[in-house]
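Q: Hey, could you walk me through this one? I'm new to it.

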Amino acid sequence: MSNNQVSDSNVDSSETGQTSSTPNSPDSNQTHFGFKQVDKAEKASMVAGVFHSVAAKYDIMNDLMSMGVHRIWKRFTIDCSGVRAGHKVLDLAGGTGDLAAKFSKLVGENGQVVLADINNAMLQVGREKLRNKGIVGNLEYVQANAEMLPFPDNHFDVITIAFGLRNVTDKDKALASMYRVLKPGGRLLVLEFSKPQNEMLTKAYDLYSFHLLPKMGQLVANDSESYQYLAESIRMHPDQETLKGMMETAGFEQTSFHNLTGGIVALHRGFKF
Amino acid sequence: MPAAQLVSSAIERVLNHLLKLDSDSASGLKKLAGKQLSVAVHELPWPLIFNFSDRVDVLVGMPDEEVKGDCHLALSIATLQKLKDTSQITRLIQNNDLVLEGDLKVAQQFSQLISELEIDWEEQLSQYTGDLVAHKAFAFGKKLVQNTQAQANRLVATLADAAIEEKRIAAPPILVVDFCDQVNELRSATDRLEAKLNRLERQSTTKPNKQSS
Ligand SMILES: C[S@@+](CC[C@H](N)C(=O)[O-])C[C@H]1O[C@@H](n2cnc3c(N)ncnc32)[C@H](O)[C@@H]1O
């Protein structure tokens with residue numbers, strides 16, 4: 001994979017310095033960055049730093065870290081999307097575009113897919129990868145913050161956010177923004193790390209993610225800190241029931257979740273009616 | 001649930017790989033672009049949905065959401081076996097053993113596309129054995145694949161004939177046939193093994209003295 005030389009000035013502080021309160025922190029100006037408490041205004045640029053740093057090696061690391069299983073999680077997400085020819089799909093925090101690539105084929109030439117990500121470096125890697133695969137035509141790339149989506153109301157039939165929500169500073173605001181741009185009858189799918197449902201699995205998983213994962217990050221991407229952050233951010237992410245509740249608060253109906261790989265990952269689904 | 005996605009992913013890979021190898025397949029695929037074919041085999045817990053573009057994407061149908069696409073086929077494994085005999089097809093439909101809904105051309109074009117590909121399953125699958133996904137899905141073993149290859153070839157020929165002879169009737173995708181055959185084969189292989197084990201067990205308990213060699 002070619003090295004990425006993109007200068008990354010994607011985080012506009014006026015976009016990220018919101019003042020709404022977060023359920024994650026007692027101090028409304030603070031939020032978590034992995035296990036650390038940081039200023040809310042800072043989190044987005046710190047997250048950007050992480051993904052800028054891992055962008056070029058992101059796909060390889062994804063396969064390594066999940067032992068290829070992330071492909072199956074993503075397939076399941078697409079199977080649950082109900083996507084059809086002609087649909088408009090938003091792949092939010094889409095990164096290097098695994099889901100967007102598939103959606104582009106499924107919606108066909110009369111459909112439209114938007115790959116949106118806050119991080120320019122990730123988008124660039126995604127764009128290069130999908131172009132090389134010959135995926136052009138119905139796919140657009142948009143640099144955007146999930147908390148304030150630059151799309152009209154009632155616009156998309158399907159929105160997916162895969163392994164993205166946990167990085168977002170104000171998740172409630174992001175969910176509300178997704179609700180706004182979703183068409184009535186449309187659905188949101190959130191694929192995200194969650195809470196393993198079994199104690200043994202939790203222990204093995206902790207061992208793996210706090211010890212092995214940063215080492216793998218060091219070896220392959222020469223960046224153990226970013227992978228330490230990933231492991232920590234996974235633990236700080238709301239569990240299955242909490243996220244379901246947050247989706248309901250944002251207005252989603254018929255919400256449900258499906259545990260995958262013992263709850264290491266969960267797919268949440270909600271509709272707008 | 002991931003078992004379903006392992007299977008759909010393996011089918012998709014093999015299918016697209018073959019389509020890429022066969023330069024003639026592009027025009028067949030073009031006719032199908034934008035169409036969707038769903039296939040429900042009663043014994044499989046989930047229907048498979050074939051989406052056509054410049055490639056084929058294979059999705060798994062979800063239980064809470066019925067997707068019929070442009071064309072829908074529903075049948076049992078037993079019916080799949082009977083399809084080998086083309087003369088029975090009309091009767092199968094009359095008996096409700098075979099359900100065909102929607103645009104039959106889609107199913108016919110797909111079966112034609114598949115039948116024109118000369119599928120050497122053994123060779124194809126051996127290329128993927130290093131791959132986690134395909135490896136798991138096809139861990140049925142090499143011997144099974146060889147057996148299935150012969151059966152699949154026979155079926156492809158029969159179904160292609162059927163599509164031509166029976167105007168209103170299209171053949172189901174051969175890949176589902178293939179998968180079901182593998183499952184059936186595996187089932188009878190395990191049955192045989194079980195019978196053998198039972199026999200050995202009986203021998204060792206009823207004739208303890210004669211088992212010394
Ligand atoms: C772990 S990657 C996931 C990429 C891809 N969806 C996948 O599953 O492979 C997380 C992505 O979320 C993006 N991201 C983080 N915060 C975001 C925000 N507030 N709005 C949009 N994207 C964001 C990052 O830039 C990164 O590309």
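Predicted model: local features only at pLDDT ≥ 70, side-chain atom pairs only at ≥ 80, totals over all residues.

Q: How many residues of chain B are in contact with chain A?
A: On chain B, 22 residues are in contact, and they meet 17 residues of chain A.

Q: And what area do the two chains bury between them?
A: About 1,600 Å², with 55% of it on carbon and sulfur atoms. On the chain B side, Gln5(B), Leu59(B) and Glu65(B) supply 28% of the area buried against chain A, more than any other three residues.

Q: How many salt bridges does the rule find across the interface?
A: Seven for chain B and chain A. One of them joins the side chains of Glu65(B) and Arg269(A), at 3.7 Å from N to O.

Q: Which element of chain B gives the largest share of the side that touches chain A?
A: That's H1(B), with six residues. By class, that side of chain B has nine nonpolar, seven polar and six charged residues.

Q: Changing topic: what's the volume of the second largest pocket?
A: It comes to about 880 Å³.

Q: Which residues lie nearest its centre?
A: Tyr58(A), Asn62(A), Phe163(A), Arg166(A) and Phe193(A), out of 50 residues lining the second largest pocket.

Q: Which element gives the most to that lining?
A: H8(A) does, with six residues. H7 of chain B also supplies at least two residues of the lining.

Q: What's the lining like by class?
A: The second largest pocket is lined by 28 nonpolar, 15 polar and seven charged residues.

How values were computed:
Residues numbered from 1 in each chain as written. Chains lettered and ligands numbered in written order. Heavy atoms only, no water. Contact = heavy atoms within 4.5 Å. Buried area = accessible area lost by both parts, 1.4 Å probe. Salt bridge = Lys/Arg side-chain N within 4 Å of Asp/Glu carboxyl O. Helix = DSSP H or I, 4+ residues; strand = E, 2+ residues; numbered from the N terminus. Nonpolar A, V, L, I, M, F, W, Y, C, P; charged D, E, K, R; others polar. 1 Å grid on protein atoms, 1.4 Å probe; cavity = no way out; pocket = protein on both sides within 12 Å on 5 of 7 lines; lining within 4 Å. Points joined across faces, edges and corners; volume = space filled by probe spheres on them.
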